[in-house]
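This report describes a few parts of one protein model. Please look at the sequence and the structure before reading on.

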Amino acid sequence: MTVDPAVALTSAVQDALVAAFGPEFAQVDPVVRPANKKQTSADLQVNAAMALGKRLGQPPRNIAAAIVEHLHAPELIESVEIAGPGFLNVTLMTTWIADAAGRELADPKLGLPDVPVQRVVVDYSSPNIAKEMHVGHLRTTVVGDSLARTMEFIGHDVIRQNHVGDWGTPFGMLVEHLLESDAAEADLLTTDPNAFYRHAREKFDGDPGFDARARKRVTLLQSGDPETLAIWQRLIDLSMAYLRRVYAELDITLGDNDLAGESTYNDELAGICDELQEKGIATISDGALCVFLDGYTGREGKPVPLIVRKSDGGYGYGTTDLATIRHRSLDLKADRTLYVVGAPQNLHFRMVWETADKAGWIVDTEPIHVQIGSVLGADGKLLRTRSGDLVSLQSLVDAALDRAAQVVAESRPDLPDDERVVIAQQVGVAAIKYADLSVAHDSEYTFDLDRMVALQGNTGPYLQYAATRIRSILGRADAVAFDGPIVLVEPAERALALKLLDFGSVVAAVGETLEPHRLAAYLFDLAQTFTAFYEHCPVLKAEDPAVRDSRLALCALTLQVLQTGLSLLGIETPEQM
């Protein structure tokens, strides 16, 4: 039995529609929404009559009256009133809410509805080997990881893919530089990848001899020369040590086994070009092999090509991405494959996927671009250094951790230094992630450390603090278990229980819409609702033992929902703050 009142009411209204108008109305969406609290004290609103007016040729109020006449769910519904042109304002039975909250408390999935299991590929983070991650990687990494965590919680078969840039012409330069480097220079790949890359580029641009050796190394690399491949693999291994450190610091669930770089598809690229040409999908234009698709035009109406083989015989992102979607659909048999990548890449992906579909390489797979907006500075512009480079991801993390350490030191000077270090790490990461995840992934947001680490307002640390406060309440209780039963007497108790029942449907919605900000908004609302409950309803000092046990159960359920929800955002809840 569902704990979601909207789902329960939907079923009841559908039964009423069948009874009133016939079996053909069994699948009509009753359009159940939260009631407008400014206009009514009801819990839910049913808008079915408004939608059915034209179909039935009747005034919506008449349809609403017929629904009410046949609406028989006494265990669920306390009262129904027809409002305005035909809305139904529904007040739920408080006993039903209490019983549903008790069932949610006993459910490890906290009321999550059953959904058909899918295989979902999540492509995210995707840095370049031998280059430091910058601010542009922050959101792709954080949003992608939250989606992967959420999909797994829902029960989907999740395959993480870190599509790193680890192949192409620059790697001849990098491999040759590594071959000629001492241990200190090689160590830069784990500590300062940008410096290693810069040194290689300076040699490439300024030393004709190195330029020639690097270009020869490209040929050796692409031809599969064992010695060159071994050096290239050492380059990858050293860079992966850097990535592991960054991912560990941010608590990102990507591991070595999730690596699926451009090199993975190298042996397939020639065949992809041949097949596209054989099928008449790709043609030669100015020496390059291109795909021209209907509807893709640039300036002056000229067609925009998807280049799958350059005029010099090399391959680009288009070729690799064709191989990627083919693999994920035909080999991995994904139901959905999510590309958590910057919004400017949308045109590129649409062209790649349309080309792959024409070639028959997408079968029963839905490719989705989860478009990622930019991170802005206080000036409203892209976050860059004074030299014009994108700000490094590590510098943002370091700044957030430093600011979090200051906040923790000021608020908890009584704690031992080692405990403050752990809490500061958790708070700083929460500040970064929540600031990102609390806004729509395709919109921009301003990186504002003062706001992000605040213990008040819509921030990650505020939600962490709410969870630790509840843990403190439960820790001071002498109960062995916090399993109720739940009874709801005060309005604030009822409001909290009703809000808790939304958790499962919110998580399921994130799995469909791929919008983690919905979960972030819900958790913030829940924390505020709990605050109102705690202000109006004594817990440990409740005079009636049954009321005390019920309120402790509500606290325990709130803590479970907050902890679980935050974990889906990739945020830990400290033991104390």
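## Helices α11 and α12

In this predicted model, helix α11 (residues 269-278) and helix α12 (residues 317-331) have axes that come within 10 Å and cross at roughly 90 degrees.

By residue type, the contact of α11 with α12 divides into 6 nonpolar, 2 polar and 2 charged.

## The sheet β7-β8-β9

An open sheet is formed by 3 strands in the order β7-β8-β9, with antiparallel pairing. Strands β7 (282-285) and β9 (303-309) stand at the edges and have a single partner strand each, so one side of each is left without a neighbour in the sheet. On average, and with direction ignored, neighbouring strands of this sheet are turned by 50 degrees against each other.

Strands of a sheet pair through backbone hydrogen bonds, in a parallel or an antiparallel way. Here β7 and strand β8 (residues 288-297) run antiparallel and are joined by 4 bridges. Within this pair, I284 stands opposite L289 in β8, and S285 stands opposite A288 in β8. The pairing of β8 with β9 is also antiparallel and extends over 5 bridges. V291 has L306 in β9 as its bridge partner.

How many residues lie between the strands of each hairpin? The hairpin of β7 and β8 has 2 residues between its strands, and D286 in the turn has a positive phi of about 55 degrees. The hairpin of β8 and β9 has 5 residues between the strands, and there E300 takes a positive phi near 60 degrees.

Helix α13 (residues 346-358) lies across β8 and β9. The helix runs at about 105 degrees to β8.

Helix α6 (residues 170-179) is largely enclosed by the rest of the structure, because 8 of its 10 residues are buried. The buried residues are F171, G172, M173, L174, V175, E176, H177 and L178. Among the elements that cover them are α7 (183-191), α8 (193-206), α9 (208-223) and α10 (226-250).

Two packed helices are described by the angle between their axes and the distance between the axes. For α6 and α8, the angle is about 100 degrees and the axes are 9 Å apart. The two helices are therefore roughly perpendicular to each other. From α6, the contact uses P170, M173, L174, H177 and L178. From α8, the contact uses F196, Y197, H199, A200, R201, K203 and F204. The residues of the contact of α6 with α8 divide into 8 nonpolar, 2 polar and 2 charged.

## R149 in helix α5

Is R149 buried or exposed? This residue of helix α5 (residues 135-154) has a relative accessibility of 15%, so R149 counts as buried.

Leaving aside residues up to four places away in sequence, R149 touches R160, D251, T253, K433, S567, L568 and G570. With S567 there is also a polar contact: a polar atom of the R149 side chain lies 3.3 Å from the backbone oxygen of S567.

Definitions and conventions. Residues numbered from 1 in each chain as written. Predicted model: local features only at pLDDT ≥ 70, side-chain atom pairs only at ≥ 80, totals over all residues. Heavy atoms only, no water. Buried < 20%, exposed > 50% of the residue type's maximum accessible area, 1.4 Å probe, protein only. Polar contact = N/O pair within 3.5 Å; in protein donor to acceptor, adjacent residues only side chain to side chain. Contact = heavy atoms within 4.5 Å. Axes fitted to C-alpha atoms, helices over the stretch in contact; angles between N-to-C directions. Nonpolar A, V, L, I, M, F, W, Y, C, P; charged D, E, K, R; others polar. Pairing = 2+ DSSP bridges. Parallel < 35°, antiparallel > 145°, perpendicular 65-115°, else oblique.
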